[in-house]
Amino acid sequence: MNRLNPMVTNGGLSGAITASRGKRAEAMGSSETQTILRRKASVGLQEHQARAMTAAKALRLTVAKIADEIFDMSMSVIGIVSEKRDLDGCLELLDEQSLLAALDGPNRTRGGVVIGADIVGGLIQQQTMSLVSAPLDDARKMTSTDAAMCAPLVDALFERVPPQLEMKEEQAMMSGFAFGARADEARILSMWLEAPEFHVIRMTLDMAGGVRQGQMVLILPVVEDFDAMSSDAGAQDADGDPEQASSLSDAVLSVPAELRVDVCKLTMPLMDLEALKVGHVLQLPQNGFPEANITTLTGRVIGSGIVGQVEGTRAMRLKQEPIYASQPRRRSADRAGLDLPEIEALPGTKQRSGDAPAAPDISPPMIETLPAPTPDAAPAALELPDLNDLPSAEDPGLTELPDLNDLPDLATLPDVVPEVDALPELDDLPDLASLPDLADLTKTG
């Protein structure tokens, strides 16, 4: 029995080992199957991504088309990097020498764009001189004109790229953005960016076949709700986005605008000005309230009016410029609204109601033509003018003719007439007897 127990025990162990080996083989088979499936799925995903239109591919194609269609120049994307960064990481990309601009997104999202100085200079050269030259090493501060010249490129990118994308995340990332305003400093643009995380797309652009190269960086907020963002970006009617329009009007109307009304200007000596204290009364000139000016805080006059009161409250009535001062009224239908004197027409002219007076007729008088004489009629005698009123030769009013005896003798004049050579012989002329009779030609005519 003792000898059999080890055998039984060994048999049980061998069975357990065989079973464990079988389970291990099954596990290895399933892991290999999963690995193969993963490889197939990754290969299929790579093939799909190769065929699908991604953001990087769409940006490469769109930049080249925009440069050719809008700017009539050659521009290509020779490098593109897409990554996610937090706000501190985005601040490292804000170069003070580049063009910094804010992007207005859907649902009041905020983004930014950074365009290198070389790219900005190339766009300006192409739009002004139709020629891109090599950059110079003279750094300058970007202006609002630079932003206006580069805005069409940015707006066209966000208008054409989203419809080409297939992934919903990339569509929401690129949809609904537009060029906002230029930022004077990196600090101002950093205050504009509010999202905790951003999509950063860095593109290296090549202009005119390597003449200029620079970077363009898109800083777009990370979107959490893709469906809401795509619906907000696509919900536009014929009048535009109502939510964005209403929010923009609310934002504009809520901006405080401080104006100043200058009733008059006083001139006084410096010693009197230094002697002014609280409670002193100043004598204002007469007729000053009807000529009050509305000025900004910088002193620029933006309007004028009359200062008065309405129900005990100070008020000002603005002077409005008549409409015909900015919009000329030249039609006859506009005459009723204009305070113009009536112009009487010249005698003998006809004019319609509402028309300008007709000009006098200054055409030359008509000359009557005499009838052509008939062949049988006798020629009419011409009436010659009477010459009896002409002065006679004995009239003392006529001056005496000069004496012709003082003229030089023609024989003494020099011989200035050249000698004429002998005329050629005319014997070789054709015989005129062969010509037709003129009478026959008259009959045939």
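Contact here means heavy atoms within 4.5 Å. All views show a predicted model, in which local features need pLDDT of at least 70, side-chain atom pairs count only at pLDDT 80 or more, and totals for chains, interfaces and linings use all residues. Residues are numbered from 1 along each chain as its sequence is written, and side-chain values use heavy atoms, with hydrogens and water left out.

View 1. Let's start in strand S8 (residues 292-295), where Thr295 is found; strands are DSSP runs (E, at least two residues), numbered from the N terminus. Thr295 is buried, at 2% relative accessibility (buried means under 20% relative accessible area, exposed over 50%, partly exposed in between; 1.4 Å probe, protein chains only). Leaving aside residues up to four places away in sequence, Thr295 touches Leu259, Arg260, Asp262, Arg300 and Val301.

**View 2. Salt bridges around Arg85.** A salt bridge is a side-chain nitrogen of Lys or Arg within 4 Å of a carboxyl oxygen of Asp or Glu. Arg85 is buried, at 18% relative accessible area, and its side chain meets that of Glu83 in a salt bridge (3.0 Å, N to O). Glu83 is partly exposed at 24%. Arg85 also bridges to Glu92, with the closest N and O atoms 3.8 Å apart; Glu92 is exposed at 65%.

**View 3. The Asp184 and Arg182 pair.** Here the closest N and O atoms of the salt bridge between Asp184 and Arg182 are 2.9 Å apart. Asp184 is partly exposed at 38% relative accessible area, and Arg182 is partly exposed at 25%. Elsewhere, shared partners join Glu83, Arg85, Glu92 and Arg202 into one salt-bridge network.

Note on methods:
Helix = DSSP H or I, 4+ residues; strand = E, 2+ residues; numbered from the N terminus.
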